[in-house]
Amino acid sequence: MFLDPESRWAQRLNLFLFLLPALTIYIVFAIYPTISVVEYSFTDWDGISPERSFVGLANYERLFTDKIFWAAFRNTFVWSAVIIVINVGLGLVIAAMLARVWKARLLMQTCIVLPVVISPMAVATIWRWMYQPTGVINQVLEGVGLGGLATPWLGSPDAVLYALAVAHSWSTIGLSVVIFLAGLQAVDENLYEAAHVDGANAFQAFRHVTLPALRPVTAVVFILTLTQSFKVFDIVWATTQGGPVRFSEILSTYMYKRGALENQYGYGSAIGVALLVIVSLATVIYMQIQSKEDR
Amino acid sequence: MGRWLLLFVLGVIAILMVSPLILTVFTSFKPTTELVNPPWAPPVSLTFEHYVRVWTEAGFSRYFFNTLVISTVDAVVMIVIASLAAYAMVFMEFRGKLVLRVLFLIGLMIPVTAIVLPLFQIVRGFGLVNAHLGVIFADLALAVSIFVFMFSSYFVGVPKELHDAARIDGATEFQIYRRVVMPIATPAVVTTALLEFLWSWNDLLLRLLLLTRDEMRTLSVGLLNFQGTMTRDVTGLSSGTVIMAIPVVALFLFFQRHFVRGMTAGAVK
């Protein structure tokens, strides 16, 4: 070595070499586009021509009066609300049941968590097939005498958003279950003993012991599910592309259409900024809750 | 609730959760003549013809190979760059460390969907559209923060004495990284490899934007296109789905514990 490892220059060089690969890629392909999306949103760029002119807040003004944007905005919230109800509510119940089961627990947990690793694209193909007018969902409904509920799920303006939310929940609820299970393992067993001695039944124990103890974990799953569902693109794009008409249009699909397909880069970026702001706020809240828990 | 009732309810939920996958597998093995049977009827006579057809004629062998290359490179490079950066963040003293920490924290908040438009332009600027390298760079950039923090949390647990002792023995920083610190962080290496491979394998949006030439496409884009052109080819779509799912399902079954721990830790993505 021609450099003394203790010297300042050697240390500088080391630091540089250790940080350089990650930092370069990160800044060029993550931080720079994040700054750019804000910059684009103030222009009328079409994504191709070398020229773009600054248009101030014009894209944002357009957002406020764009009925489709508000429909997508509303759909994104409805979609997230449905997923939160399923993933937090049902996820908690399933985790609580799993924690109390003594046989075949790993097998059942595996079945419930397995869909988490399936690609949203594959999830889309599977559910698109099951939701067909003559698909398995309608066949089952008819088989159990609920044929009146049968509907062409993904073609129905009333059902499509909910149907897609269920498909997305199927493939993500395992994550909530796993997080809840970890939280449940931290609940003091003595509390259950005490509840039992006091004559509480299983439901009362769940209501008065499990739920209060899990409040922080529930908050984590809540915000996590919220941010995750706001970011979704793949499954909606691969099933309905936001249709029929605009009934399953969410912010990400609308941004993709305007920006990538219609080359309205400025306007598409304004939609992207809206998405960025909502998700960042939710993530900041999430991290706040988590760091409070760590303490 | 009675214990047996509890077991029964959970059993039903577990079966319902895997049934979409099982029905897909059933359909993928059914001869076309058996498609009149209900989807929950197992195939009477197994056929591999749909797999052969999709694999050879529909180009899934190519898609599979492309996906495998991108995901593997992603996983390996991610382990290296994230652990190196985490090492610097934990063991080296320098000005601006806090700024760097905040910069990496920002990465946890950026939703990919929000920045794909400029990201596409940057990748195009480097001439990397329709090159696997463009997708790889984008994948790495968008997930590196998570793994830097994951490695950091392992490195913080390395006893300071161990690090100092190696330093006194005349080891260079890189030797300490290789021989002392990384062996302790094996669980983080496994988790990083699994998660990054999985995310990369499954992503559609970035690949849809960045890979438009058919021979460069991954399974996600290939399946989407196949679905668009062969809408009614139920058996073909099922076998395509199974081909895409098998590697990640196998990884999950082998490394379930690591996956579960990693997903809980890397949940922010």
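This is a predicted model: local features need pLDDT of at least 70, side-chain atom pairs count only at pLDDT 80 or more; totals for chains, interfaces and linings use all residues.
View 1. Among the elements of chain B, the highest mean pLDDT, 97, belongs to helix 3 (residues 60–91) of chain B. The lowest, 82, belongs to helix 13 (residues 256–265) of chain B. For the complex, the predictor gives an ipTM of 0.93 and a pTM of 0.93.

View 2. B:T192 counts as buried because its relative accessibility is 0%. Neighbours within four places in sequence aside, B:T192 contacts B:M78, B:I79, B:F147, B:M150, B:F151 and B:F197.

**View 3. Contact between chain B and chain A.** Chain B contributes 91 residues to the contact and chain A contributes 87 residues. About 8,000 Å² is buried between chain B and chain A, with 80% of it on carbon and sulfur atoms. Between the two chains there are zero salt bridges, and 14 residue pairs are in polar contact, both residues at pLDDT 80 or more.

**View 4. The side of chain B that touches chain A.** Helix 1 (residues 3–29) of chain B supplies the largest share of this side, 17 residues. By residue class, the side of chain B that touches chain A holds 71 nonpolar, 14 polar and six charged residues.

Methods. Residues are numbered from 1 along each chain as its sequence is written. Chains are lettered from A and ligands numbered from 1 in the order in which they are written. Side-chain values use heavy atoms; hydrogens and water are left out. Buried means under 20% relative accessible area, exposed over 50%, partly exposed in between (1.4 Å probe, protein chains only). Contact means heavy atoms within 4.5 Å. pLDDT is the predictor's confidence in each residue, from 0 to 100. Helices (H or I, at least four residues) and strands (E, at least two) are DSSP runs, numbered from the N terminus. Buried area is the accessible area (1.4 Å probe) that two parts lose on being put together, summed over both. A salt bridge is a side-chain nitrogen of Lys or Arg within 4 Å of a carboxyl oxygen of Asp or Glu. A polar contact is a pair of N or O atoms within 3.5 Å; within protein, one must be able to donate a hydrogen and the other to accept it, and residues adjacent in sequence count only if both atoms are side-chain atoms. Ala, Val, Leu, Ile, Met, Phe, Trp, Tyr, Cys and Pro count as nonpolar, Asp, Glu, Lys and Arg as charged, and the others, Gly among them, as polar.
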